[in-house]
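Subject: Handover of a structure

Dear colleague,

I am passing on to you the structure below, together with a summary of what was found in it. Please read the notes alongside the model.

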Amino acid sequence: MSSFDTHLSDVTEPMSAEALEARLQEIGEARYHHRHPFQLALQNGELNRCQVRAWALNRYYYQAMIPIKDATLMARLDDPDWRREWRSRLVDHDGEAPGEGGIERWLKLTDGLGLEREMVRSTRFILPTTRFAVEAYTHFVRDRTLLEAVASSLTELFSPKVIGTRVSGMLAHYDFVSEETLDYFRPRLTQAPHDAERALAYVREHARRADQQQAVLEALIFKCDVLWTMLDALQHAYVEGHRPPGAWNGESGLVTGATP
């Protein structure tokens with residue numbers, strides 16, 4: 001199978017853990033959103049301020065729902081060691097106290113881009129596709145098997161490389177962002193690999209049969225599709241100009257004095 005082949009052949013015989021991991025890596029190379037045109041435009045400095053704001057506004061909903069998704073998953077873990085392990089993800093995003101954690105750092109990003117916090121946190125003006133995609137992900141984690149729920153988080157295997165490219169590209173090309181604005185991403189360079197390593201360990205331990213391994217591969221594809229679809233929606237609405245009714249118009253919700 002080519003690294004760029006997006007076809008998923010059925011797993012008919014159990015694979016070794018190493019072979020399964022290799023298949024997961026192939027899926028990430030082919031389907032992760034590092035290849036999406038909007039992501040490439042973002043890191044290459046090809047978006048305007050409005051388009052970057054639209055990305056941050058919509059992505060907030062995904063960030064805000066991550067601890068809810070993880071709390072749902074953690075509640076299904078009957079092993080206290082794994083619950084303690086998964087609990088760190090909630091702390092990473094919610095913090096131990098008000099003003100801490102990844103969600104707060106994302107709000108500092110939207111602050112830095114000149115968006116009003118109340119508007120961002122309300123999520124009233126996000127794209128419908130953003131809402132549908134994120135909620136599909138939370139429902140997947142709630143409703144599918146625990147193994148599939150864990151496997152869907154394995155996009156974190158691929159995120160550190162994208163984070164580094166995104167941050168360096170944005171700092172190089174956009175004079176309206178700073179290292180402080182993009183502070184959300186710094187802890188993720190260590191958090192994501194740790195989380196991915198532990199999730200992969202769970203998958204390697206529990207995906208032994210062919211049908212289980214098939215489910216793991218499909219769960220990762222589903223999660224890649226969620227992230228890709230969110231960028232599709234941004235591309236369609238804010239680059240190609242097909243903004244749906246009710247979505248952010250590029251002007252409302254700006255902090256007084258912010259440059260349009």
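**The nonpolar core**

The largest nonpolar core holds 82 residues, and those with the most contacts inside it are Val52, Trp55, Phe185 and Val203. Such a core is a set of buried Ala, Val, Leu, Ile, Met, Phe, Trp, Tyr and Cys residues joined through side-chain atoms within 4.5 Å. Helix H11 (residues 210-239) gives the most to this core, namely 15 residues. In soluble globular proteins, nonpolar side chains tend to be buried together.

Please note that this is a predicted model, in which local features need pLDDT of at least 70 and side-chain atom pairs count only at pLDDT 80 or more, while totals for chains, interfaces and linings use all residues. Residues are numbered from 1 along each chain as its sequence is written, and side-chain values use heavy atoms, with hydrogens and water left out.

**Val203 and Leu20**

Apart from neighbours within four places in sequence, Val203 is in contact (heavy atoms within 4.5 Å) with Leu20, Leu147, Val150, Ala151, Leu154 and Val216. Leu20 belongs to helix H1 (residues 17-31). Because its relative accessible area is 1%, Leu20 counts as buried; buried means under 20% relative accessible area, exposed over 50%, and partly exposed in between (1.4 Å probe, protein chains only). With neighbours within four places again left aside, the contacts of Leu20 are Met15, Val203, Ala207, Gln213, Val216 and Leu217. Leu20 and Gln213 are 193 residues apart along the chain, yet their C-alpha atoms are separated by 7.1 Å.

**The chain as a whole**

The protein chain has eleven helices and zero strands. Helices (H or I, at least four residues) and strands (E, at least two) are DSSP runs, numbered from the N terminus. Of the 260 residues, 52% count as buried. Among contacts with a separation of 6 or more, 78% join residues 24 or more positions apart. The C-alpha atoms fill a box of roughly 60 × 40 × 35 Å, taken along the principal axes.

Thr123 is found in the loop between helix H6 (117-122) and helix H7 (128-143). Is Thr123 buried or exposed? Thr123 counts as buried, because its relative accessibility is 11%.

With kind regards
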